[in-house]
Amino acid sequence: MSGRFSQAAMTRAMREIAVGLGVPSDDAQLLRLTNNAVFALPRSGLVIRIARTHRLRDRVTKVVQLARWFAEIDAPTIRLAPDIPQPVEVGDLVASVWSYVASHTPAPTVGDLGSALREFHALGTPPFPLARWDPIGDARRRLEDADGLRPTDHEYLLAWCDRLDQQVAALNRESGPTLIHGDAHVGNLLREPSGRLILCDFDSTSIGPWQVDLVAVAVGEARFGTGGAYRRLASAYGHDVTLDSSWLTLRATRELKMITAAVPLLASSPEIAEEFASRLTSIRDGAEGRRWRPFADALPKP
């Protein structure tokens, strides 16, 4: 991928959006630079979230629709910034704008995440169509943005998608219609000044097996070595997904996502490309215990 999704390009887009909103951006802080570029503008009380791939821009529309429903039912979720027509477009990029929530102590824990997920899963389903859980479709769409991906790696990842397709379809058929977050980890949990815990980042929210939301922490512990975190989550939620018959499929879909998430960024970041190659090698070798590095940790510090 060219520099069209680089940090510099995202920063320019953020500043253009800020100008359009009539707010300053000199205090902007880059919070994340993965599938989205996420900037906080604390003085204005805003967070600007810009999609870094054109293939997934429809997600921004979905996320905005979900956020409006969440506000109506007072769900434990972050809120869109008020009085701003959304999504926001800047050139050929699309973004959403959110109310800024500063960090408050105590920091959310995996136990808090378990409690928040129980509340989230009890919300029911929205009064508008929402796609079924489709991790394989998501992976394939990312592979379409595959600049910088070696042909052999591309073929391997597509074959992996093919192998998982029927297993995922079976899980969807067997599960009830539950709203799932789709990327549930402590990094997507915030604490409001009131102390209330709220979830954020609804790119992967869909209808599917609720067990999906317990998998991110379990796989994260296995791959990143965060010892003890998953047991605290399972205890708080009241279920251990690693004992389910579907565990191996759920783990494989999560690892596929954790690898293909980097595909649109390979050409613009040699550090991410190196970690991507290491992760893919561990899958090819069947090395389930081999440790991975978070992509954010692989990037050079500013």
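The model is predicted, so local features need pLDDT of at least 70 and side-chain atom pairs count only at pLDDT 80 or more, while totals for chains, interfaces and linings use all residues. Residues are numbered from 1 along each chain as its sequence is written, and side-chain values use heavy atoms, with hydrogens and water left out.

Strand β3 covers residues 46–51, and six of its six residues are buried (under 20% relative accessible area, 1.4 Å probe, protein chains only). Strands here are DSSP runs of E with at least two residues, and helices are runs of H or I with at least four, numbered from the N terminus. Leu46, Ile48 and Ile50 point one way from β3, whereas Val47, Arg49 and Ala51 point the other way. Strand β2 (residues 36–41) pairs with β3 in the antiparallel sense over six bridges; pairing requires at least two DSSP bridges. Arginine 49 stands opposite valine 38, and in β5 its bridge partner is serine 96.

Turning to the helices, α6 (residues 212–224) packs against α8 (residues 247–260) at an angle of about 70°, with the axes 9 Å apart. The axes are lines fitted to C-alpha atoms over the stretch in contact, and angles run from 0 to 180 degrees between N-to-C directions. That makes α6 roughly perpendicular to α8 (65 to 115 degrees).

The largest nonpolar core has 71 residues, of which Leu157, Phe202 and Phe276 touch the most other members. Such a core joins buried Ala, Val, Leu, Ile, Met, Phe, Trp, Tyr and Cys residues through side-chain atoms within 4.5 Å.

Technical notes:
Angles under 35 degrees count as roughly parallel, over 145 as roughly antiparallel, 65 to 115 as roughly perpendicular and the rest as oblique. Buried means under 20% relative accessible area, exposed over 50%, partly exposed in between (1.4 Å probe, protein chains only).
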